[in-house]
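Here's a friendly walk through a few side-chain contacts.

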Amino acid sequence: MLKIKKFIFNPFQENTYLVWDVESMEAMVIDPGCFNENEESQIFDLIIKENLILKYLVNTHCHIDHVLGNAFIKNK
């Protein structure tokens, strides 16, 4: 079963999704729009809290509001 958490990030109010499989605990972030430390910690704190294994970074397209957090997620 998959779980999905939606975050609304950055001044554009972009939707970022954290999706994970409850059995394997493998997770992916879709369109990481996290723009500042507060937004980065929102998503990373949930990853830590749920003991997720972050495996994938997915961009649906490359508008600026959808890729602001790419480097942060990649480095985690």
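Keep in mind that this is a predicted model. The disulfide count here is zero. Take Cys-34: it belongs to no disulfide, and the nearest cysteine sulfur, in Cys-62, is 15 Å away. A disulfide needs the two sulfurs within 2.5 Å, so at 15 Å the sulfur of Cys-62 is too far from that of Cys-34 for a bond.

On to the rings. How many aromatic pairs does a search of the whole structure find? It turns up two, and here they are:

| Pair | Arrangement | Centre to centre | Angle between planes |
|---|---|---|---|
| Phe-7 and Phe-9 | stacked | 5.3 Å | 15° |
| Phe-44 and Phe-72 | edge-to-face | 6.3 Å | 80° |

Phe-44 sits in helix H1 (residues 37–49) and Phe-72 in helix H3 (residues 70–75), so their pairing ties together parts that are 28 residues apart in sequence. Phe-72 is buried, with a relative accessible area of 16%, while Phe-44 is partly exposed, at 25%. As for the stacked pair, both Phe-7 and Phe-9 are buried.

Lys-5 lies over the face of Phe-7, at 5.4 Å from the ring centre. Over at Phe-44, the charged end of Lys-76 sits over the ring, 4.6 Å from its centre.

Technical notes:
Residues are numbered from 1 along each chain as its sequence is written. This is a predicted model: local features need pLDDT of at least 70, side-chain atom pairs count only at pLDDT 80 or more; totals for chains, interfaces and linings use all residues. Side-chain values use heavy atoms; hydrogens and water are left out. Rings of Phe, Tyr and Trp (its six-membered ring) pair if their centres lie within 6.5 Å; planes under 30 degrees apart count as stacked, over 60 as edge-to-face and the rest as tilted. Buried means under 20% relative accessible area, exposed over 50%, partly exposed in between (1.4 Å probe, protein chains only). Helices (H or I, at least four residues) and strands (E, at least two) are DSSP runs, numbered from the N terminus. A charge sits over a ring if NZ of Lys or CZ of Arg is within 6 Å of the ring centre and within 35 degrees of the ring normal.
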